[in-house]
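Trainee: Could you walk me through this model before I set anything up?
Mentor: Gladly; have a look at it here.

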Amino acid sequence: MRTLLITGPGGSGRTTIAAATAHHAAAGGIRTLVLSADRSDTLGAALGTRTGTSPVRVAPRLTAWRPDAAAGFRDDLTGFQDRAATLLDLVGASRLDPEEVTPLPGAEELTLLRALRDAALAEAHDLLVVDLPPAPRALALLALPEELRRYLRRLLPPERQAARALRPMLGRLAGVPMPAEQLYETTARWDQELAAVEAVLADRRTAVRLVAEPGPAGADAVRDARLGLALRALPVEALVANRVLPEEAAHAGPLTGIAAQQHKVLGEWSGAATVAHLGHDPRGAEDLGALVVPAVNPAASPVEWPVVDRLAQDGVLVWHIPLPGAIREELDLVRRGDELVVSAGPFCRIVALPSVLRRCGVDGAALRDGELCVRFAPDPGLWPRGQ
């Protein structure tokens, strides 16, 4: 299944473009599911059909779904309380009733990730269009599965034999029972669920469509979003310049300044698809059909981070990390064991080193034409002779 993640600056019309993309794909014969996690039904307003907690058929081959974050959060909390009953009773904690539980900030994002996983595993559609939150929140959301799995592995490593052997002794020393086996089972279940989401995001058929209004603020937001997505190795399938005014508006009338700004930025956005302003907020199938959105690219190029062997020429291996829009003064690298911490502007990612680089030391780095090149020199104590 092809997965298309749609985001952009707040107020850029990304939900409308998500609805239009799904509408055009379904009209072209592709079985399409469009997902959103907004509490307000902005997706339904664009589609002209109310959406909710159950998938709803909008048109032939088009289904929309807005999963309920509150229900999902209540179910998760109830399950956690059941599994942690012994520990809660030990510390005298009183349980929360389902009717008093309201979703915490971030519950919508977690619900959307779960729905994304479920839709991908169901394989009932050919295309999944995901209406993500605005770009800054979307980037944090897309980083969540990898980061949470890393935290779980550090806090509760899967190698449990030592913990099992020590638990009775620690219990006697502390005077209280140690965490039950359910704790490790819960951790394993969370890791499995997060791994499934991570696999969808890392799939070669997953890409991002960026939506922005052309203008100074839009240009800044797109630059930041491209950098953040590149650091997550997520390809941008298309940049959609939304609500573009006609060219004649730049020459006369009250919108002259806005139109001139738009067309200046469009000149900088090489290859961007343009979607004209309809003069009103699009509502329903007729309006969505009038929006000329690009067709879904079935063969978007994945982001590659290749390791190039330059041992014969320079005695190093070079790891090439594409970071379009990165600024040298805002880059930072830290080697931590078998991991590399890469910071670029407001974004940071901890990545595992490819196996061949774990036997090397960092020999320097350079940023050239939007690509970070990190040099690694073999460690004589770890590098086999003759290699």
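Trainee: What should I know about where the values come from?
Mentor: This is a predicted model, in which local features need pLDDT of at least 70 and side-chain atom pairs count only at pLDDT 80 or more, whereas totals for chains, interfaces and linings use all residues. Residues are numbered from 1 along each chain as its sequence is written, and side-chain values use heavy atoms, with hydrogens and water left out.

Trainee: Ok, the sheet: in what order do the four strands come?
Mentor: The open sheet runs β9-β10-β15-β14 with antiparallel pairing, where strands are DSSP runs of E with at least two residues and helices are runs of H or I with at least four, numbered from the N terminus. Two strands pair if DSSP finds at least two bridges between them.

Trainee: Which ones are the edge strands?
Mentor: β9 and β14 (360–368) are, since each pairs on one side only. Eight bridges join β14 to β15 (residues 371–378), and within β15, Cys373 has Ala366 opposite.

Trainee: Switching topic, how many aromatic pairs are there?
Mentor: The structure holds two, a pair being rings of Phe, Tyr and Trp (its six-membered ring) with centres within 6.5 Å; planes under 30 degrees apart count as stacked, over 60 as edge-to-face and the rest as tilted. Trp305 and Trp319 have ring centres 5.8 Å apart and planes at 70°, so this pair is edge-to-face. Trp305 sits in the loop between α11 (284–290) and β9 (307–310), while Trp319 belongs to β10 (residues 316–322), 14 residues apart. Together with Phe376 they form one aromatic cluster.

Trainee: Is Trp319 buried or exposed?
Mentor: Trp319 is buried at 3% relative accessibility, and Trp305 is buried too, at 17%; buried means under 20% relative accessible area, exposed over 50% and partly exposed in between (1.4 Å probe, protein chains only).

Trainee: And which residues have the most contacts inside the largest nonpolar core?
Mentor: Leu132, Trp269, Trp319 and Leu323 do, in a core of 57 residues. A nonpolar core is a set of buried Ala, Val, Leu, Ile, Met, Phe, Trp, Tyr and Cys residues joined through side-chain atoms within 4.5 Å. Another core, of 23 residues, lies apart from it and includes Leu4 and Leu43.

Trainee: Last one: what follows α5?
Mentor: Glu123 does, with a positive phi near 55°.
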